[in-house]
Amino acid sequence: MKNQTCINELRLSRNKTMNDNYEQLTVKDVTSYVASLTIIFGGIIPYIPQYREIKRKRDAEGFSLYVCLTLLIANTLRILFWFGKHYETPLLIQSIIMIITMFTMIKLSVNVHNRSQIIKIKERVFTDLETKFFWKWTDFQSYLDFMLLFAIIGGILMYWFIDIPIFVEIVGFLAVLIEAMLGIPQFLRNFYNKSTSGMSITMVSMWTLGDLFKTFYFVLREAPIQFEVCGALQIIIDIAILTQVYIYQKNTSMHPQVITRAD
C-alpha cells in the first residue's frame, strides 16, 4: 500500500513537472512567434496608409520611388547574402515581403502618374538606356526588368564567389548599410533648412522604437553581425533626428516637409 502511494505521488510530481515545462515552452514559443511576425510584417505597415492615400487622392507626387529603389537593392542583396551565409528564416521572409511591397507601391505610383497626365509625354523605358531617365520610367515592366537584371548579375557573382568569405561578408554589409542610410535624407534636409517644421515627431519616435526592437531581436537571435550594425546605425540616425527637433525647436518658418525614410 505504501509503495502504491509512493508511485502515485511520483506520477503526480512528474505530471506537474511536465505541465510546468509545457507552459514555459508554450510561452517561449508564442513570444518567439510574435517577435518573428513583427519582424516580418512590421516594416511594411507604414506603406499601408501611404498606399491608400495615393489610391484615394490619385496623386503619387509625395511618394519618392527612390525609396523603393533603395529598399529593393538592399533586400535583394540581403537575399543573396542568405545563400552565402544562412541567417534566420523570418529575416529572409521579411526581405521577400518588402520586395513585393515595393513593387506594389511602384505599380500604383506609375499607374496613377500615367493617368493623371493631361498632356501625354514620351514613354521612357529601361531598354532606352538613357541615364538621365534612370528610375523615372513610365512603365512598370521597366522597373521589374532592371531589378531582375540586378538580381541575375548578383546571383551569378554570388555563385562564383560563394566560397570566398570576404565577398559574402561585403555583400551582407552593403545590404544592411544601404538600408541603414534611409534616414539620412531627412537628417540632411533638417540640417540644411535648420528646421524640423512639418516633420512628425511621433513618426520619428516610432522609427526609434522599431529600430530598438529590431536591434534587440538581432542580438537576441544571434543574427549575423551585419544586422546588428544596421540596427545600431539606424538608432544613431534616429536619435540624431530627434536631437534636431530640440536644436531647431525655435525655427518654425520652413515649409512642411515630407519624411522620406521608410523601412
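Predicted model: local features only at pLDDT ≥ 70, side-chain atom pairs only at ≥ 80, totals over all residues.
Helices here are DSSP runs of H or I with at least four residues, strands are DSSP runs of E with at least two, and both are numbered from the N terminus.

View 1. Residues are numbered from 1 along each chain as its sequence is written, and side-chain values use heavy atoms, with hydrogens and water left out. Of the 263 residues in the chain, 38% are buried, meaning under 20% relative accessible area with a 1.4 Å probe and protein chains only. Contacts are heavy atoms within 4.5 Å; among those with a separation of 6 or more, 78% link residues 24 or more positions apart.

View 2. Take residues 30-51: the span is 82% helix and 0% strand, and its end C-alpha atoms lie 31 Å apart. Residues 90-110 are 100% helix and 0% strand, with end C-alpha atoms 30 Å apart.

**View 3. A cavity and its lining.** On a 1 Å grid over the protein atoms alone, a cavity is a set of points where a 1.4 Å probe fits but cannot get out, and lining residues have an atom within 4 Å of a point. Grid points are joined across faces, edges and corners, and a volume is the space filled by probe spheres set on the points. The count is 1 cavity of 30 Å³ or more, and the largest cavity has a volume of about 30 Å³. Around the largest cavity you'll find R78, Q94, E179, K214, F218, F227, C230 and Q234. Helices α8 (201-220) and α9 (225-247) each supply at least two lining residues, and the largest share, 3 residues, comes from α9.

**View 4. Zooming in on Q244.** Is Q244 buried or exposed? Sitting in helix α9, Q244 is buried, with a relative accessible area of 3%. Leaving out residues up to four places away in sequence, Q244 touches F187, N190, F191, T196 and Q249.

Note on methods. 1 Å grid on protein atoms, 1.4 Å probe; cavity = no way out; pocket = protein on both sides within 12 Å on 5 of 7 lines; lining within 4 Å. Buried < 20%, exposed > 50% of the residue type's maximum accessible area, 1.4 Å probe, protein only.
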